[in-house]
Amino acid sequence: MNAQNISKITGTVLNENKELTIGNVIIMSVVDSSLITGTSFFEETFEVDNINEKEILIKLTSLQQFKDTIFRINYNGESEIDLGEIIVGNVGVELNEVVVKGRIPTYVQKPDGTIEVLIENTTLSSSNSLNEILSKSPEIIVDESGAISLFGKGNAIIYLNGKRITDSQLSLISPSNVKKIEIIRNPSAKYDADGAAVVNIHTIQQGDDGYLGSIKQNISYSIFGGTLFNSYLNLNYKKGRFSSNAFYTLQVGKNRELLHTTRKRDAENVFLTTDLTTDWKRDYKNFSTYGLGLQYDITNKSYLSLEYSGFFESLGGNTFSENTIVDDNSTSFYESHESRDEKDFNHSISANYNLNMDSLGSSFFVGGQYSNFNIGTDNSIFEESMEENNSSFRHLKNISSLYIDIFSSQIDYTKKLKNGNVLEAGTKYSYVLNDFGFEFLVSEDDINYELDNDISNDFKYEESIASAYINYKGKFKNNINYTLGLRSEYTIYDLDLSPTENQTIKDKYINLFPNFSIGKTFSEDYNLNFSYTSKINRPAYHRLNPVLIYQDPYTSVQGNPKLRPQKTHAFELNSNIKKTNFKIGYNYMLDPFGGAAVRGEDPKSYILKAINYEKQHLWFTSVSRTFNTKWFTSTNTISLKYTRITETEYDFKTVESKPNIYVYSNNRFHITDSFKAEFLFWLRGQNNEGLHIRRRLYNITLALEKSFLNNSLKCRLIANDIFHNYIAKGDYNVAQTDVYYNRRWSTDYFRLSVIYNFGKLKKVGYKNNSVGGSENDRAR
């Protein structure tokens, strides 16, 4: 029956000057003019689906750009109707400012499982970093190393306005400049293959002539870690075909991280216990990020953009380490104090060209980016050892330099057909040079230092990846949509370890990554979607570096140049039934990444090392629901996953796998137009994965917001991790050694955030054509 109704309407609204417009499209009943559905459009082709009516009334409205227009549409044998270009009459009277007060949904769940999270004008925009925003978003996990993943899916890669960025570049984005984030659980072949999921960050765009600016000041105080000051300045300017954006952020203050680890080996011939506490007290002397973006609209269908961004980070502070070692013969105590002096630089330049090719939204995009990272450390360490009533000390220096050059270019072509189907194709090339030099110096008198050749090393890594993809999105008449995609990536890498290792590791390989999804809309309240994706996760560069990073005389951190890429095959079935979303899925991973404290050459030593497990099976299910009233919005998710990891190389002791629960609840209270409150809670239950047992952790956040000066000034008071239970702790047994760890951060903070928005806009006739919005977002 649905196939004999109008299910979807698309069209492009132009004024009498053939210019794109901003407005709303409302679908109404022909019987009583009651609202069926609707959407807004911003200088782009509109699309309204899930209509399922034989006849409808369409009303086009806009406050200032065109007159209200109403017309009738009848079913003509096609359930999906493209109206093409719709010419509407210009407004004859200039209106005074009209303020429409309403609430945009904070969370939107799409049929394919994608989640959109609104950041603009929410308490999340008062975060100090994008990592902080992501850690408070549904289903996103940010672990103790800063790695980003999705619950039940695996590692996530980051895109900014549809363009891939590195984890380091994530720090360049000001939280107050983010409009929304898009959590894509089942990315198509268009996205890089090294992400089991994609987080696409959309920044705020300015459409009218004039200038807009915002100033934000955050003051965060943690009993555990100290005080942090974060300042933000963002400016946007647009005049005619020219637009620009500039930003600057500054972070200064104190922060802290504390790790307590115990290891016990009680084998037949060996008894050894270690009790290690490491306390990082960081001093952010000057953490600055800055950028300038320029765009010129060549025509109303094409633009050229150029952007520069960078950061400078000066990190000081101290690291204190205490380690007690007990064996069959004695008890020894080791203590070290490291004075940190680290300076990091980054410079990134990108250029883009985009062409909107027709009124349907077909587009062509070409872009390139160059990034350079320069990271240097010059840390001094004082080490004291007490063994069998004898004490000794020595002075150490940890000097390192890391240079990373990244070049990437890409071409994307999107062809939108009249029947609504979409063909996407593109190619991308990236090149990375990672050059690391490390010197470890030893002195007995803090004057004459000698190089320790056993630890000092050089590391050079080159990698190039050439990729191409094709993706087709189609629809059948009976409300069935599908996506078919294939991505190919050809990888060449060269790993040079010298002089102590004196070896070179080279390889080249090609991978094919098919993707497929199919979905059916049964009614406005019920749809079903199935997807299959195949992905690869290559190890981060620092995880390949074999250089030993000093922690204390018998504890160090080391990369693994023999790490293999992790491959994933993911299957997911999801359904929206009215306002409730259901998901169920299975992931099969080959060579999944892991880590362990393995024995070093000295019987007392341990090395924290990245490793590959053999394989991993993961099953998951999830239920999400959003509740809305006039004064209250609540988004809730409950998920379960069951993980079983197998490993045979490092002699892990297996544990019984058990289901792991994840609970997320975000609740917003609209008390008055100028006063709001928010309560956020999430919990990750104990996770028995077959090898590791990761203990429960949770977070509770409370926030109050008050607006002044006609919403130009906003003040927020935030209490995060009120009970300081964001603690990563767990245990495992490897090579007959029981390992327990407990790590915590300065997450127990109170924050005062003050945001002031200013500017002056002028409505003009010329508008930038942003049909094919995902490509247009790449401009900034």
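How many bridges join strand 9 to strand 14 (residues 178–184)? The two strands run antiparallel and are joined by 4 bridges, and within this pairing Val-117 stands opposite Ile-181 of strand 14. Strands here are DSSP runs of E with at least two residues, numbered from the N terminus, as are helices (H or I, at least four residues); two strands pair if DSSP finds at least two bridges between them. The model is a predicted one, in which local features need pLDDT of at least 70 and side-chain atom pairs count only at pLDDT 80 or more, while totals for chains, interfaces and linings use all residues. Residues are numbered from 1 along each chain as its sequence is written, and side-chain values use heavy atoms, with hydrogens and water left out.

Strand 9 (residues 115–118) is covered on both faces: Ile-115 and Val-117 on one side, and Glu-116 and Leu-118 on the other, are all buried. Buried means under 20% relative accessible area, exposed means over 50%, and partly exposed lies in between (1.4 Å probe, protein chains only). In a regular strand the side chains alternate between the two faces of the sheet. Strand 9 also runs antiparallel to strand 8 (residues 107–109), to which 3 bridges join it; here Glu-116 is the bridge partner of Val-108. Strands 8 and 9 form a hairpin with 5 residues between them, and Gly-113 in the turn has a positive phi of about 95°.

Nonpolar cores come next. A nonpolar core is a set of buried Ala, Val, Leu, Ile, Met, Phe, Trp, Tyr and Cys residues joined through side-chain atoms within 4.5 Å. The largest has 34 residues, and Leu-134, Ile-140, Leu-170 and Ile-201 have the most contacts inside it. Leaving aside neighbours within four places in sequence, Leu-134 is in contact (heavy atoms within 4.5 Å) with Ile-140, Val-142, Ile-148, Ile-158, Leu-170, Ile-181 and Val-199. Another core, of 24 residues, lies apart from it and includes Leu-172, Ile-381, Phe-438 and Leu-563.

In one, 3 strands stand in the order 4-1-7 with mixed pairing. Its edge strands, strand 4 (46–48) and strand 7 (80–87), each pair on one side only. Strand 1 (residues 8–14) and strand 4 run antiparallel and are joined by 3 bridges, with Glu-47 as the bridge partner of Thr-10. The other sheet has 4 strands in the order 31-32-36-35, again with mixed pairing. Strand 31 and strand 35 stand at its edges with a single partner strand each, so one side of each has no neighbour in the sheet. Strands 32 and 36 pair in the parallel sense over 4 bridges, and Val-557 has Leu-608 of strand 36 as its bridge partner.

The second largest pocket is lined by 37 residues, of which Ile-455, Leu-548, Ser-556, Glu-601 and Ile-607 lie nearest its centre. Among the strands that each supply at least two residues of this lining are strand 31 (549–552), strand 32 (555–558), strand 35 (593–599) and strand 36 (606–612). On a 1 Å grid over the protein atoms alone, a pocket is an open set of points with protein on both sides within 12 Å along at least five of seven lines, where a 1.4 Å probe fits; lining residues have an atom within 4 Å of a point.
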